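The following note sets out points for a colleague who has the sequence and the coordinates at hand. Each point is meant to be checked against the structure shown here.

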Amino acid sequence: METYPFPRPGRDLPDALASAEGARPVALRSGGVAWLLTARGDARAALASAHASADPRRDGYPFLAPGGRVLRARRSLLRVDDPEHAQLRRALAPAFTPSAAAAARAAVARRLRALVAPLAPAGAGDLVADLASPAAAGALCDLLGFPAADQVLFTRLTHLLGSHATPEPVKADAEAALADYVRAAMRASAGNGLVARLVRRGDVDPAGLAGSVQTLITAGFETVAAQTAWALLELCEDPALADRLRRDRTQIPVFVETSLAANTVIHHGITRAATAAIALPSATLAPGEGIIVALPAVNRDPAAPAGRHLAFGYGAHQCLGRHLARVQVAAGVEAVLASLPGLRLAEEATALTYTTGEGVIGPAALPAAWDRP
Ligand code: HEM
């Protein structure tokens with residue numbers, strides 16, 4: 001039996017994930033066996049099922065990386081089922097509507113322009129360290145109401161928590177530090193950031209709220225940074241695409257969707273445990289069996305309708321931040337197109353490295369060059 005996660009040497013998907021097939025059992029590096037789903041139909045059926053639990057305490061829940069104990073401990077909307085999930089999601093949802101994302105657009109774009117401005121005269125830079133990463137971290141601070149200086153702390157902690165190379169005890173310490181940070185932020189809550197608004201509501205279980213704020217940090221930063229970096233890499237590699245988008249900016253959202261499908265950052269996939277039999281198009285899963293939805297494979301399923309992807313998941317836990325994420329990636333593309341003409345890679349594409357050992361994959365750095373004004 002193949003062992004999962006499959007090794008991913010770089011940008012390309014491992015061959016074993018390259019085609020959508022029926023559900024198949026895989027051995028987990030962390031021990032045990034789970035069903036690997038690579039076809040869109042199976043993925044949707046599993047993620048829509050009321051019997052697919054997101055709770056890591058359930059029998060058979062598959063752990064893809066060391067740190068399962070840490071994952072088990074955090075009470076957050078991402079890792080609980082209804083009714084607790086619905087309650088936490090209801091509390092957070094008003095901050096993540098399409099209109100809330102649209103309202104954030106101007107501030108997001110302003111930050112991107114401010115980050116790009118000093119880059120333009122330099123003629124070269126790393127579009128991950130200089131742009132994608134600080135833009136994502138800054139937007140998250142704005143959303144949550146955290147001081148901008150705290151980016152350094154949560155950038156470090158989310159990296160430790162997201163990396164498969166982090167030993168479990170170090171992960172536990174990072175999780176404890178993040179929990180302390182969030183609790184302190186909740187105690188100090190002032191202003192009109194999301195955390196302060198949630199604390200003022202006072203009707204949400206504080207432990208679930210704190211865990212969910214931790215999830216906003218771990219789910220909403222590296223994902224956006226990596227997705228923005230992928231989109232910028234595509235622009236560096238394809239000047240004709242960059243020119244087309246420059247001429248017709250209304251196509252940028254379409255490009256963002258294509259990029260989400262082609263460069264799916266949650267590359268090991270979404271995990272669930274079956275709590276009762278689940279009938280999928282290609283197999284029937286038994287209670288107590290683990291489920292892994294391999295999103296990159298699902299998003300390349302030739303049976304998928306054009307332009308449709310599950311990069312943000314599907315079903316009850318579908319990404320809460322997806323509207324905001326789209327705004328952020330599009331703003332990154334806009335800012336670069338507007339201010340960095342002649343954008344190109346500063347190194348051979350083959351020299352680029354990727355964060356293959358992490359839950360979120362993207363270019364580790366994006367050395368680029370452009371024409372000086
Ligand atoms: C391109 C960027 C992003 C990608 C690709 C992404 C992807 C995903 C995926 C695949 C899930 C589903 C996980 C599952 O079903 O187990 C998810 C859930 C979630 N995401 Fe995102 N995400 C992104 C950005 C964001 C942002 C910006 C935020 C908020 C600031 C966010 C907050 C969340 C939350 C809170 C959940 C859990 C929702 C629930 O359990 O009900 N994400 N995301």
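Is Ala107 buried, partly exposed or exposed? The first point below takes up this question.

1. Basis of the note, and Ala107. This is a predicted model, in which local features need pLDDT of at least 70 and side-chain atom pairs count only at pLDDT 80 or more, whereas totals for chains, interfaces and linings use all residues. Residues are numbered from 1 along each chain as its sequence is written. Ala107 is partly exposed, because 14 other C-beta atoms lie within 10 Å. By the rule used, a residue is buried if 20 or more other C-beta atoms lie within 10 Å of its own, exposed if 12 or fewer, and partly exposed in between, with C-beta atoms placed from the backbone. Ala107 belongs to helix H4. Its C-alpha atom is separated by 35 Å from that of Ala172, 65 residues apart along the chain.

2. Overall form. The protein chain contains 14 helices and 11 strands. Helices (H or I, at least four residues) and strands (E, at least two) are DSSP runs, numbered from the N terminus. For 373 residues, a compact globule would have a radius of gyration near 21 Å, and the 20 Å of the protein chain agrees with this. That radius is taken over C-alpha atoms, and the globule rule is 2.2 Å times the number of residues to the power 0.38. Along the principal axes, the C-alpha atoms fill a box of roughly 60 × 50 × 35 Å.

3. Of the 373 residues, 46% count as buried. Among contacts with a separation of 6 or more, 74% join residues 24 or more positions apart. Two residues are in contact if their C-beta atoms, placed from the backbone, lie within 7 Å.

4. Leu115. This residue is also placed in helix H4, which spans residues 98-116. Leu115 counts as buried because it has 20 C-beta neighbours inside 10 Å. Leaving out residues up to four places away in sequence, Leu115 touches Asp130, Leu131, Pro134 and Ala135. Leu115 and Ala364 are 249 residues apart in sequence, and their C-alpha atoms are 19 Å apart in space.

5. Phe96. The loop between H3 and H4 holds Phe96. With 20 C-beta neighbours inside 10 Å, Phe96 counts as buried. Not counting residues up to four places away in sequence, its contacts are Leu320, Gly321, His323 and Leu324. The C-alpha atom of Phe96 is separated by 9.9 Å from that of Leu143, 47 residues apart along the chain.

6. Ala, Val, Leu, Ile, Met, Phe, Trp, Tyr, Cys and Pro count as nonpolar, Asp, Glu, Lys and Arg as charged, and the others, Gly among them, as polar.

7. Thr223. Which helix holds Thr223? Thr223 is in helix H10. Thr223 counts as buried, with 26 C-beta neighbours inside 10 Å. Apart from neighbours within four places in sequence, Thr223 is in contact with Val265, Ala325 and Val360. The C-alpha atoms of Thr223 and Ile266, 43 residues apart along the chain, are separated by 7.7 Å.

8. Packing of H10 and H12. Helix H10 (residues 222-237) packs against helix H12 (residues 252-262) at an angle of about 110°, with the axes 10 Å apart. H10 is therefore roughly perpendicular to H12. Axes are lines fitted to C-alpha atoms, for helices over the stretch in contact, and angles run from 0 to 180 degrees between N-to-C directions. Angles of 65 to 115 degrees count as roughly perpendicular, under 35 as roughly parallel, over 145 as roughly antiparallel, and the rest as oblique. Gln227, Trp230, Ala231 and Glu234 in H10 meet Val256, Ser259 and Leu260 in H12. The residues of this contact comprise four nonpolar, two polar and one charged.

9. Cis peptide bonds. The bond from Tyr4 to Pro5 is cis, with omega near -5°. Pro5 is located in the loop between strand S1 (3-4) and strand S2 (24-28). The bond from Asp82 to Pro83 is cis, with omega near 5°. Pro83 is found in the loop between helix H2 (68-73) and helix H3 (84-92).
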